[in-house]
Each structure stands twice: as structure tokens, then as C-alpha cells.
Amino acid sequence: GWPVRVRHPLRALPRPDSVALDSAGRAAAADAAFRLRRPGRPGVDGRIVLLDDIVTTGATLAAVSRVLHAAGMTPNAAAVLAATQKRHHQ
């Protein structure tokens with residue numbers, strides 16, 4: 001029952017498949033993967049909720065949050081559609 005608008009303030013750049021990456025590699029790939037569509041003009045007001053299809057390490061949500069925060073758009077919440085269990089390699 002809340003009025004919402006779907007915005008796409010970021011553009012995702014190509015990045016390597018994260019399947020073979022460890023947590024640090026995923027974080028580095030995610031940090032390099034997102035740019036503002038309109039630098040200097042965020043165009044987003046009100047509360048911001050991030051939506052991701054799946055969370056494994058949280059690197060994508062963290063990277064997107066940092067980019068938006070640096071542009072003056074601090075996310076208020078995040079939602080994900082699925083999650084994975086962290087595997088511990090022996």
C-alpha cells in the first residue's frame with residue numbers, strides 16, 4: 001500500500017563470472033562493476049530499497065550501496081529473492 005517508483009540509477013558493467021572467485025575477488029569485481037547512469041544528477045528522492053536476485057557474499061549489495069551513498073543516495077533497506085549457503089572449502 002505504499003506509493004513507489006522503480007528507478008535504475010546505476011549501470012552494470014561487464015564483469016567476470018563470480019563462481020570461481022573467493023569473497024575478496026567478488027568484492028573487487030563488484031566494486032568495479034557499477035557506475036551512475038547520470039553522474040551529478042541522481043534523480044532519486046525518498047527512501048531507497050535495493051533489490052538483488054541472489055545474495056552469496058553480499059558483495060554486490062555492498063558495492064551498489066557504496067556507489068549510491070557516494071552520490072548522495074543512501075539506501076534504507078535491501079531485499080533479495082534468494083540466498084545461498086556459504087561453502088567452506090577444505
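Trainee: Which residues is Asn 76 in contact with, neighbours within four places in sequence aside?
Mentor: Gly 46, Arg 47 and Ile 48. Contact means heavy atoms within 4.5 Å.

Trainee: Where is Asn 76 found?
Mentor: In the loop between H2 and E4. Helices (H or I, at least four residues) and strands (E, at least two) are DSSP runs, numbered from the N terminus.

Trainee: What kind of model is this?
Mentor: A predicted one, where local features need pLDDT of at least 70, side-chain atom pairs count only at pLDDT 80 or more, and totals for chains, interfaces and linings use all residues. Residues are numbered from 1 along each chain as its sequence is written, and side-chain values use heavy atoms, with hydrogens and water left out.

Trainee: What pLDDT does the protein average?
Mentor: 84, and 87% of the residues score at least 70. pLDDT is the predictor's confidence in each residue, from 0 to 100. Where pLDDT is low, the predicted coordinates should not be read in detail.

Trainee: What separates the C-alpha atoms of Asn 76 and Leu 50?
Mentor: 8.2 Å, with the two residues 26 apart along the chain.

Trainee: What pattern does the protein follow along the sequence?
Mentor: β-α-β-β-α-β. That comes to two helices and four strands. Of contacts between residues at least 6 apart in sequence, 71% join residues at least 24 apart.

Trainee: New topic. Which residues make up the largest nonpolar core?
Mentor: Twelve of them: Leu 10, Ala 30, Ala 33, Phe 34, Ile 48, Leu 50, Ala 59, Leu 61, Ala 63, Val 64, Leu 68 and Met 73. H2 gives the most to this core, with five residues. A nonpolar core is a set of buried Ala, Val, Leu, Ile, Met, Phe, Trp, Tyr and Cys residues joined through side-chain atoms within 4.5 Å. In soluble globular proteins, nonpolar side chains tend to be buried together.

Trainee: What is Leu 61 in contact with, beyond four places in sequence?
Mentor: Leu 50, Asp 52, Val 55, Ala 78 and Val 80.

Trainee: Asp 52 is in that list. Why does Asp 52 count as buried?
Mentor: Because its relative accessibility is 13%. Asp 52 sits in strand E3. Beyond four places in sequence, Asp 52 touches Thr 60, Leu 61, Ala 79, Val 80 and Leu 81.

Trainee: And Leu 81, where does that lie?
Mentor: In the segment after E4. Leu 81 counts as exposed, because its relative accessibility is 67%. Its partners beyond four places are Leu 51, Asp 52 and Asp 53.

Trainee: Now pockets. How much space lies in the largest pocket?
Mentor: About 910 Å³. On a 1 Å grid over the protein atoms alone, a pocket is an open set of points where a 1.4 Å probe fits, with protein on both sides within 12 Å along at least five of seven lines. Grid points are joined across faces, edges and corners, and the volume is the space filled by probe spheres set on the points.

Trainee: How many residues line the largest pocket?
Mentor: 28, and Arg 5, Arg 7, Ile 48, Val 49 and Leu 50 lie nearest its centre. Lining residues have an atom within 4 Å of a point.

Trainee: What is the lining by class?
Mentor: 18 nonpolar, four polar and six charged residues. Ala, Val, Leu, Ile, Met, Phe, Trp, Tyr, Cys and Pro count as nonpolar, Asp, Glu, Lys and Arg as charged, and the others, Gly among them, as polar.

Trainee: Which elements each supply at least two lining residues?
Mentor: Strand E1 (10–12), strand E3 (49–52), helix H2 (59–70) and strand E4 (77–80).

Methods:
Buried means under 20% relative accessible area, exposed over 50%, partly exposed in between (1.4 Å probe, protein chains only).
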